[in-house]
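Hi,

Here is the structure I promised to pass on. Have a look at it first, and then read my notes below.

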Amino acid sequence: MNILYCGDQNIADGVLISVLSILKQVREPLHIYLLTASLQTAEKIFSPLPSSFAAFLRRKAQKFSPENTVERIDASDLFSSQTPKANLATRFTPCCMLRLYADQLPMLPEKILYLDNDVVCRRDFSDFYRQDMTDLELAGVLDHYGKWFFRSRSCRMDYLNSGVLLLNLKKIRETGLFARCRLRCAEKEMFMPDQSAINKLAVRKKICPRRYNEQRKLQKDTVFQHFTTSFRFFPWFHAVSAKPWQVDRMHEILKLHEYDALLEEYGKWKIEYETGVTPNEQNDSHLLRN
């Protein structure tokens, strides 16, 4: 299975959790790609994921299986040569748009699953990954809120959330989908620019069941849970945001303890990555699948 994450150094915590969750559910070799870049806007400097992070993640992944791989790809030059100028100052980090450059990277496989760093895997997703994508550009799940407000056809909900996308890069290269998305991001300011561009321009897409990108509340059949910002109406209307690495917020705000064991292991990984010391000098045998 091929998995793609995109972003700057700030996605490291989320990637650790997301990858660990997948390693505990999937029994076949994983090929993980970290697409990163350095860039500067008028307001902020974004630094790439360091090579040391990729090396650490590779070492941990290969404890589960020596066939697992982790590759870091620095797309700084590519990004700067085709800058999404109109959307560099949105509330979303410009590095979110890195996924739109995947078609320009020949080292990426033709079929790859893109995941946001706040997506946690709860079940094996082989059936989702193995689906036939021959004539499709991408497959994903309807956006929980956007499906009501954004539609390319007035009679049908078809607005996908871009946090979990199964990509057919071969077809995307043929149709020029991402090339057109990059051009749109360069010329037109949009809310959630890359997601908006993909939904506006994709014509060969498949809508999959909610369980493959649960954005609202954990269900019994949830495969991927995506910790997006949601809204509550009681006792007042307010936004709610809690990311997997914000453990206290997961408990206090979401009342969610489903991933406590996973997050405890993540905490040990984080300490080891930041200090170079394995907590209590434990071996990793307890991390392996039963």
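Let's begin with Met-192, which is buried at a relative accessible area of 17% (buried means under 20%, exposed over 50% and partly exposed in between, using a 1.4 Å probe and protein chains only). Met-192 sits in the loop between helix H7 (177-187) and helix H8 (193-201); helices here are DSSP runs of H or I with at least four residues, numbered from the N terminus. Its phi is near 50 degrees, a positive value in a residue other than glycine. Most residues other than glycine have a negative phi.

Lys-255 is another non-glycine residue with a positive phi, about 55 degrees. You'll find Lys-255 in the loop between helix H9 (247-252) and helix H10 (260-275), and with 61% relative accessibility it counts as exposed.

A word on the source: this is a predicted model, where local features need pLDDT of at least 70, side-chain atom pairs count only at pLDDT 80 or more, and totals for chains, interfaces and linings use all residues. Residues are numbered from 1 along each chain as its sequence is written, and side-chain values use heavy atoms, leaving out hydrogens and water.

Cheers

Definitions and conventions: Helices (H or I, at least four residues) and strands (E, at least two) are DSSP runs, numbered from the N terminus.
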